Amino acid sequence: MDRTEKEYRRDVHLLRISKMFAEFSTCLSRKVGCVIASNAGHVISTGYNGAPKRTRHSCEAGCYCQEPGRVSGTYQERLRCSHAEMNAISQAAYEGVSTRDARIYCVTFPCSYCCKAIIQAGIRRVIYEEDYNDALSKKLFEEAGVECVCITPNPELEPLPPMPDFGNRDS
C-alpha cells in the first residue's frame, strides 16, 4: 500500500470517528463532531457541538437556533452551543496538548468562527465530509496556508460500522 492510499485510509478512519462523536451532540439544530490528530494520525483531542461544561444543554434550556426564520450560520454569538471544532481545540488547551501542525477531521466544513480558532491553534490541515457555505472560512484558510480536503467515503466500498449500543444515556 503506497503512502497516498495509506493516508487516505487514515483520513477516512478519522472522519468516521468524528461522525461517532457527533452522536454525543446536544445541539438541537445539527449534530457535528470532530477529531484533532497529529501528523502521525494519533488522536489528540475530540469534540462535538454542545453547551459549555457545567451549563445546561440546549435540549433543557432551549436555544436561539430554534427561533423561527433564523438562517443557519447567522447570529453565532447567540447560540448556547459551542461548535465541535471549538470544543476540540478548547479541550486540547485544557489538557495542555499542543495542536501545532495537527490535522482536524470535521463532519462539516468549519464556519468562520471555528476557522479563525483553527488557524490560531496552528492546525495545518482540515479534512471534512460535508460542505458548509462560508466564503470567509475558505478565504482565510487559503490566506493562512491551511490545506482543506473534502473526502466523501463511498459507503458501498467502505461501510461505516454500526454505532455500538452504550445502553441508556439518561442514567
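**Exercise 1. State the accessible surface of the protein and the share supplied by carbon and sulfur atoms.**

Solution. The protein exposes about 10200 Å², by the Shrake-Rupley method with a 1.4 Å probe. Carbon and sulfur atoms supply 50% of this area. The model is predicted: local features need pLDDT of at least 70, side-chain atom pairs count only at pLDDT 80 or more, and totals for chains, interfaces and linings use all residues. Residues are numbered from 1 along each chain as its sequence is written, and side-chain values use heavy atoms, with hydrogens and water left out.

**Exercise 2. Describe the order of elements and the share of buried residues.**

Solution. Step one: the protein has five helices and five strands, where helices (H or I, at least four residues) and strands (E, at least two) are DSSP runs numbered from the N terminus. Step two: from the N terminus on, their order is α-β-β-α-α-β-α-β-α-β. Step three: of the 171 residues, 39% are buried; buried means under 20% relative accessible area and exposed over 50%, with partly exposed in between (1.4 Å probe, protein chains only).

**Exercise 3. Determine whether the length of helix 3 agrees with its residue count, and which residues it buries.**

Solution. Step one: the expected span is 1.5 Å times one less than the number of residues. For the 12 residues of helix 3 (residues 84-95) this gives 16 Å, and the end C-alpha atoms are 16 Å apart, which agrees. Step two: Ala84, Glu85, Ala88, Ile89 and Ala92 are buried. Step four: the buried residues pack against strand 1 (33-37), strand 2 (43-48), strand 3 (103-108) and helix 4 (112-120), contact meaning heavy atoms within 4.5 Å. Just after the helix, glycine 96 takes a positive phi of about 75°.

**Exercise 4. Identify the residues of the largest nonpolar core that touch the most other members.**

Solution. Step one: a nonpolar core is a set of buried Ala, Val, Leu, Ile, Met, Phe, Trp, Tyr and Cys residues joined through side-chain atoms within 4.5 Å. Step two: among its 24 residues, Ile36, Ile89, Ile104, Ile118, Ile123, Val126 and Phe141 touch the most other members. Step three: strand 1, helix 3, strand 3, helix 4 and strand 4 (125-130) each give two or more residues, and the largest share, four residues, comes from helix 4. Step four: a second, separate core of 10 residues includes Val12, Ile127, Val149 and Ile151.
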